[in-house]
Amino acid sequence: MRTFRFIALFCLTLIIPGQAAVAQPEIQYSGQVEWAEESGTMTFNSSGSMPLSKEGFFWNVPASVQRIVIGEDVQFTGGFRVKYRAPKNPLYIVGRNRETSVIFGTREEAWTAKQKISENDKWKYSAISVIEDAVVRVSGLTVRDPRGYLISGYANKAVIHVDACTLVDSRSGDNNNSDGFAGAAGSSIRDSLISTADDGIKIYNDITIENVVIEHHRNGAPLQFGWGGESKAVNATISNLTIRGVDPEHRYNMAPLTWERGDRATRNVRINGFNVMTEGELYDEESGKWVPLGLLELKPVNCEFNLNATAVQLHGLPLGINKTTGTVQLDELSARESSPPKQ
């Protein structure tokens, strides 16, 4: 292993008799990094920053890098962009300490709007953005205050698995465009916390969600099922999901489960273990008034939404707005079976 501390790291080549050359990946990072050529591991050993320019802030991870490690008490200021990787070459992005291994973006509010990033490109400025088909596994770290979204992949086969992570936007303001998690069909998120003033998880493709807590802020929906012209059938398998309202005024622009727009699409959602601890008022855009908040805000009239949820705790929350066809089955726990809400 070799340790380098440079503002710019250029390609170094190690020639081994009888073997192909192994190159040190190029990266501009002000902290200390360590490259292990035998395992393809790039370790960030001290806090530092990528260049603060619009594009230089993001490291285009080479396919030769198989594993990125963010050390304990290390804040990596920048982002990771992942382009095409063969299925047999997944990328691992791991932290050594979930609380102190941090991918950080900016304290500036509404960064994407100020940079005039188009709506369809904001996700490319995520802390981790899977630009092309690839499998990426993220675990044991915190993503905080990204320039754009937190972790996202919108390529057809951008499969992302998140495990034991904290995804947060701690800035003030409701227009940071810091959506939490989205990936291609087959993606998953487990044992994680999402707290962002935007959509928590986008269910636009088949997804598995397990042991996740989503904090519901004034803006954004904890589960967002569609914002535009999504027109396919999607299956979501969910277990032990907690949604916790945190707006100090108990006012929300979207319901816990929201589907704004869609066209001849279907969402099939199965939940086992569903605890919704949010109450207050919902802003109804059609009437321009605050109305009682409910579990659902399903607006597309030519779509189908099927929800089958067991072990449900709604704590008195009504069903809400449902203009979409389909079935909603909720098997609520009795007072004796319900556990006290977590603080």
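Modeller: We begin with a definition: a residue counts as buried when its relative accessible area is under 20%. Please note that this model is predicted. Phe225 has a relative accessible area of 0%, so Phe225 is buried.

Colleague: Why does Thr258 count as buried?

Modeller: Thr258 counts as buried because its relative accessibility is 0%. This residue belongs to strand β26 (residues 257-259). Beyond its neighbours within four places in sequence, Thr258 has contacts that include Phe225, Gly226 and Glu297.

Colleague: Which parts does the pair of Phe225 and Phe305 tie together?

Modeller: Phe225 lies in the loop between β23 and β24, and Phe305 in strand β31, so the pair ties together parts that are 80 residues apart in sequence. Phe305 is also buried, at 1% relative accessibility.

Colleague: What is the geometry of the pair formed by Tyr283 and Trp290?

Modeller: Tyr283 and Trp290 form an edge-to-face pair, with 5.3 Å from centre to centre and 65° between the planes. Tyr283 is partly exposed, at 30%, and Trp290 is partly exposed, at 27%.

Colleague: Where does the charged end of Arg81 sit?

Modeller: The charged end of Arg81 sits over the ring of Phe58, 4.4 Å from the ring's centre. Arg261 lies over the face of Trp227, at 5.2 Å from the ring centre.

Conventions. Residues numbered from 1 in each chain as written. Predicted model: local features only at pLDDT ≥ 70, side-chain atom pairs only at ≥ 80, totals over all residues. Heavy atoms only, no water. Helix = DSSP H or I, 4+ residues; strand = E, 2+ residues; numbered from the N terminus. Buried < 20%, exposed > 50% of the residue type's maximum accessible area, 1.4 Å probe, protein only. Contact = heavy atoms within 4.5 Å. Phe/Tyr/Trp six-rings, centres within 6.5 Å; stacked < 30°, edge-to-face > 60°. Lys NZ or Arg CZ within 6 Å of the ring centre and 35° of its normal.
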